[in-house]
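Here is a short report on one protein chain. Take a look at the sequence and the model first.

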Amino acid sequence: MSDRAASPALDIQEIRKTFRQGERALHVLAGASLQVSAGEMVALVGPSGSGKSTLMQIAGLLERPDDGSIRVAGADCTAMSDGERTRLRRGAIGFVYQYHHLLPEFSALENVVLPQMIAGVGKRDARQRGQELLSRVGLGERMEHRPARLSGGEQQRVAVARALANAPSLLLADEPTGNLDPHTSDRVFEMLTGLVRDVGLAALVATHNLDLAAQMDRTLRLEDGHIVQV
């Protein structure tokens, strides 16, 4: 097995991030480190304002840290150009947010097809994969509907299918059920967990819901800019 194949899907070491508010320095991340391996679901918890979303943005290569290293799918991202980070993010990372951010003018299927076509997949293959994914999340009969005709839970299931469209090795979910009622939240989380387990993804899930966190393989807490094992 190569070193790359044996590497964690996500490896963050000594990440530091400071924001300036006037003359005040806010040290949001002060040496945060974590790893997530293939087939593993890891919960990231912490109070509002603790830096969870900032850490998720850095893990997703959407924001650069002030210091520290990050590896995604075995690739060292520390010195990558913006273009290199974009290409790696497009193929290796899937994102699910609290708000689904679906494109309202497109159908559920088109929302899953578009990311694939942007990545260079042909339309026919992209549609076939989109149909398969939407069927797996229970939307086989709803895939031609636009988001406005779908319930909140259905919209979030489309968002999950979209996140998996390009067969990523890492899934980053930031409060993926935070905007749903408890019953719908449980159903969406159960579906998300099943997909992660079936595909063998590495998943880092930021959540305030300790009941959901308890169902994952392990829980990490972000405290004072550091990661603490719970």
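Where is the place of D186? D186 lies in helix α7, residues 182–199. Helices here are DSSP runs of H or I with at least four residues, strands are E runs of at least two, and both are numbered from the N terminus.

## Basis of the model

This is a predicted model, where local features need pLDDT of at least 70, side-chain atom pairs count only at pLDDT 80 or more, and totals for chains, interfaces and linings use all residues. Residues are numbered from 1 along each chain as its sequence is written, and side-chain values use heavy atoms, without hydrogens and water.

## The annotated domain

UniProt, in an unreviewed entry, places "domain: ABC transporter" at residues 10–230. Such annotations may be inferred rather than shown by experiment. Over residues 10–230 the chain is 36% helix and 29% strand. The end C-alpha atoms of that stretch are 19 Å apart.

## A negative patch

D181, D186, E190 and D211 form a negative surface patch. Like charges are joined within 9 Å. D186 is partly exposed, at 45% relative accessible area. Buried means under 20%, exposed over 50%, and partly exposed in between, with a 1.4 Å probe and protein chains only.

## Two positive phi values

A167 is not a glycine, yet its phi is positive, near 50°. A167 sits in the loop between α6 (152–163) and β7 (170–174). At 52% relative accessibility, A167 is exposed.

E175 is also not a glycine and has a positive phi of about 50°. Its loop runs between β7 and α7. E175 is buried, at 10% relative accessibility.

Terms used:
Patches are made of residues with over 30% relative accessible area and no salt bridge: like charges are joined within 9 Å, nonpolar side chains (Val, Leu, Ile, Met, Phe, Trp, Tyr) within 5 Å. Accessible areas come from the Shrake-Rupley method with a 1.4 Å probe; for residues, only the protein chains shown count as cover. A salt bridge is a side-chain nitrogen of Lys or Arg within 4 Å of a carboxyl oxygen of Asp or Glu. Lys and Arg count as positive and Asp and Glu as negative; His and the chain ends are not counted. The place of a charge is taken as NZ of Lys, CZ of Arg, CG of Asp or CD of Glu.
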